Amino acid sequence: MKMSPAGETRIWTTLDFDRDGKQHDWLRLPFSTDQSAYGVIPIPITCIRNGVGPTALLIAGNHGDEYEGQVALGKLARRLEPLDMRGRILILPALNYPAVVAGTPLPRRRRQSQSPVPGRGEWHSNPDDRPLCHLGSAFDG
Ligand SMILES: [Zn+2]
């Protein structure tokens with residue numbers, strides 16, 4: 001598995017998904033705001049690999065107020081070592097990181113005045129371009 005080349009996703013990371021061992025980093029989802037045109041939404045990720053084998057993708061924190069999966073995957077990311085397994089495991093314990101930090105189901109709403117579309121003030125004025133919609137296309141294979 002590799003990250004999609006530029007143009008297919010705007011999400012980037014320094015992780016080498018083909019390297020053996022345990023790596024912790026962030027997926028960085030570009031997100032321009034009034035504070036920074038070059039802002040990113042960080043999404044924590046752990047990649048654990050030991051040789052050739054299947055890849056498992058484990059995700060929690062799609063909703064920030066559902067804590068069990070976040071805690072379980074955080075513990076797994078810290079405790080699991082490459083020699084405990086074969087293949088690769090990708091662990092994302094806080095997929096919707098802004099909501100996880102806020103402890104709310106969805107990210108806190110931004111000021112409504114920033115959005116010309118009622119109810120679309122959370123992320124972006126274009127509902128098709130809300131950044132968390134890009135997560136599903138970040139991986140291939
Ligand atoms: Zn949920």
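Biologist: What is the bridge partner of leucine 29 in E2?

Modeller: In this predicted model, leucine 29 is bridged to isoleucine 41 of E2.

Biologist: What makes E1 and strand E2 (residues 40-50) a pair?

Modeller: Pairing takes at least two bridges. E1 and E2 have 10 bridges, in the antiparallel sense. Therefore they count as a pair.

Biologist: In what order do the strands of the open sheet run?

Modeller: The order of the 4 strands is E1-E2-E4-E3, with mixed pairing.

Biologist: Why do strand E1 (21-30) and strand E3 (55-59) stand at the edges?

Modeller: Each has a single partner strand, so one side of each lacks a neighbour in the sheet. From one strand to the next, the twist averages 20°.

Biologist: Which residues have the most contacts inside the largest nonpolar core?

Modeller: They are Leu29, Ile43, Ile45 and Ile91, in a core of 20 residues. At least two core residues come from each of E1, E2, helix H1 (67-79), strand E4 (87-92) and helix H2 (97-102). E2 gives the largest share, 5 residues.

Biologist: How do you know that the span of H1 agrees with its 13 residues?

Modeller: At 1.5 Å a residue, H1 should span 18 Å. Its end C-alpha atoms are 18 Å apart, so the two agree.

Biologist: Which residues of H1 are buried?

Modeller: Gln70, Leu73 and Ala77 are. A buried residue has 20 or more other C-beta atoms within 10 Å of its own.

Methods. Residues numbered from 1 in each chain as written. Predicted model: local features only at pLDDT ≥ 70, side-chain atom pairs only at ≥ 80, totals over all residues. Axes fitted to C-alpha atoms, helices over the stretch in contact; angles between N-to-C directions. Core = buried A, V, L, I, M, F, W, Y, C linked by C-beta atoms within 7 Å. Buried ≥ 20, exposed ≤ 12 C-beta atoms within 10 Å, placed from the backbone. Expected span 1.5 Å × (residues − 1).
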